[in-house]
Amino acid sequence: MASADTERGFTFAFQSSEGERHAAKGRHDESLLSALRNSANVFGEEEKKNEGKTIQLLEREHLQGALNLGMPCRCLPENAHLEVLFAGSGGGSQGREDGAGDQECVMFTVVPAPGILKDPAPGVDICVFALGGETAGEALSKDGRFLPEVGGEGWQLVERQSRQAFQLTLAAKQLQGGAYELGSEGAGACGQAPLPGGRPNLCDLAQELDEYLKGRPGAGGPWEAAQKEFEELTGGSVPNRVPSNIAKLPLGMNESVGTLYWNRPGNEGKASCFHLAQGHVLTCYHAVKMMVGEGVPESEWGTVVREAANVSFTFRTTGETQWKVASGGLKAFSPELDYAVLALEIPKGRGTELRPGLAAFATKPIAQGVVYNVGRQYTEALVLVPLIQEEDDDLSGRQSFQAFSGNTFAQQARPERVPYDKEFLHDPAASGSPVISFYGGLVGMHAGGYKYKERVVEFGPTIQAVAASISVADRPLYQQLFATKSHKGNCSIM
C-alpha cells in the first residue's frame, strides 16, 4: 500500500451537486482520472450516468484552469479542489495517456481562444502539463484537447501580460506558471498573428479597445466610464440582457433566430443560427466543423450535415418544429469569416411556416453605438467599439466587429465562467446569432468572445463581409439571398 508521502489527497465536487465535496487521493505518479475512479465510488457512479460525455476537471482555487485528465496527482497543489463537469458533446475522456513515472512535472496555461480546441472551453484557461525535458510544442501535441494542427510548425506562445513571444521549441519548464495566448507566427508589433481559421487578431482588438477607453470621461477609471456611457446609450441603468421573447425588436426579428442541433455517434451539440432568406440559415463555420468532426474531408461535409443536423425556430412553446437540412444543403462557408449557409428542406405547403428572413434588413457596418446580440433565449445589448477612423471614414472594408457588454463590467458571483457559461450568454450557444443595430438593421453575426482584463469582448463577421464572400463564391446564391431583398432606409448591403 502506498504511504502518505507518496500520495496526494484532494477534494472534488460535481457541477450539478451544489458544491457537495468528496475526498479522493492518488499515487504521485497516478493520473487524476485514475485516482478519481479508484478512490471515489461516487465518481464512478456519476461517470456511468454520463457515459459518452466529455469529462472536464477545473481547479479554480489555486491553478484557475481546466486540468488534463492524465495529469499526475503530484502536480496538484496542496488542498486542491476539483470541479467535475460532463460536457454535452460526447467525446469521452480526453487526456494524456503516457505514464508520468518519476519525471519532473511542470505546468503552464493557455488562453482558450476559438479555433484551437476540440471541444468548447469551460470558460477558464487550459492548464497544460509537461514531463521531463519536453518542449512546449511536445506538451501541447500530447495534451489531447487541442486540434491536431496545434503545436506544429508555425505556432508560437505569447505571454498574456508582457506580450513577449516564445517559440514552441522552448523547454516547457521555462514557461512554468505563465499564462499564454497561442497563435501562428508572423505577428506584427502586437506579438500575435490571427489564429488559424481566420479568427480576428485578438491582440489588435485589445489595443483598439484600449484606445477607445483611453481618455473617456468619468471617474474611477476607463472601464467605469465605459459602463456609465453604456447606461447612457441604452437609456439608463436598465438590464442589458432580457428574454428574447419579450425583447422589443423591429418586426419580431427575434422570431427568426433558431437553434442548429446535431447528433452523431459520440458527437452531439448545439449552436445558434438565423433565417437569412428563402429557407437558408446562417451559422458559424466552427459550429459546422464541430458537427462533422475531425478527419472528414470537406467534400463529404454536406452529407454529414444532411444526416446529422436539425434546425428549430420555436422558442415560445415546448413543441419544437424541426427542419432538416436539404440534400446538398451546405451552400457556402468560409473559415476566414467563420460563417456557413445551410439550405433547409421545405416540405410542400410549409413555406409559410418559416420566420421572416433577416437578409431583408442587412446593412453596412456601423462605427459605434448600441447593437443587440439576439439569441433564442436572451437578447443582450452591446456597445460597438469605435473603429480606428480612416481619413475618409469608409467602413466598407470592415470584415469584423467587436463590442463590449454592460454585463461584463459587473462583479459576477462566478466571474471565471464568462464568456462561455450558459448562465451568462445565450443557451444554447450564442455562436451564430444575429447582431442587430439600434435601428433594426442586421449588421453582423456573433462568433465568439475573448477575455480582456477580466472583461469579455465579443466579436464576429459583419454581414456585409459575409455577403461579399458569398457573392464571390456563388453569385447565384448571393442574388437569391441578398439582391432581391427590399431595401429599407439605409439597409443596402453592397
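I take contact to mean heavy atoms within 4.5 Å. On that basis I noted that, of the contacts in the protein chain with a separation of 6 or more, 64% are accounted for by residues 24 or more positions apart.

Before going further I recorded that this is a predicted model, in which local features need pLDDT of at least 70 and side-chain atom pairs count only at pLDDT 80 or more, whereas totals for chains, interfaces and linings use all residues. Residues are numbered from 1 along each chain as its sequence is written, and side-chain values use heavy atoms, with hydrogens and water left out.

I looked up the secondary structure, with helices (H or I, at least four residues) and strands (E, at least two) taken as DSSP runs numbered from the N terminus, and found 9 helices and 24 strands in the protein chain. Of its 494 residues, 55% are buried (under 20% relative accessible area, 1.4 Å probe, protein chains only).

I then turned to helix H6, residues 285-292, where 6 of the 8 residues are buried, namely Tyr285, His286, Ala287, Val288, Met291 and Val292.

My last entry concerns Glu47, which lies in helix H2, residues 41-49, and is buried with a relative accessible area of 18%. Its side chain makes a polar contact with the side chain of Arg37 at 2.5 Å (a pair of N or O atoms within 3.5 Å, one able to donate a hydrogen and the other to accept it; residues adjacent in sequence count only if both atoms are side-chain atoms). Leaving aside neighbours within four places in sequence, I found Glu47 in contact with Arg37, Ile55 and Phe86.

Terms used:
Buried means under 20% relative accessible area, exposed over 50%, partly exposed in between (1.4 Å probe, protein chains only).
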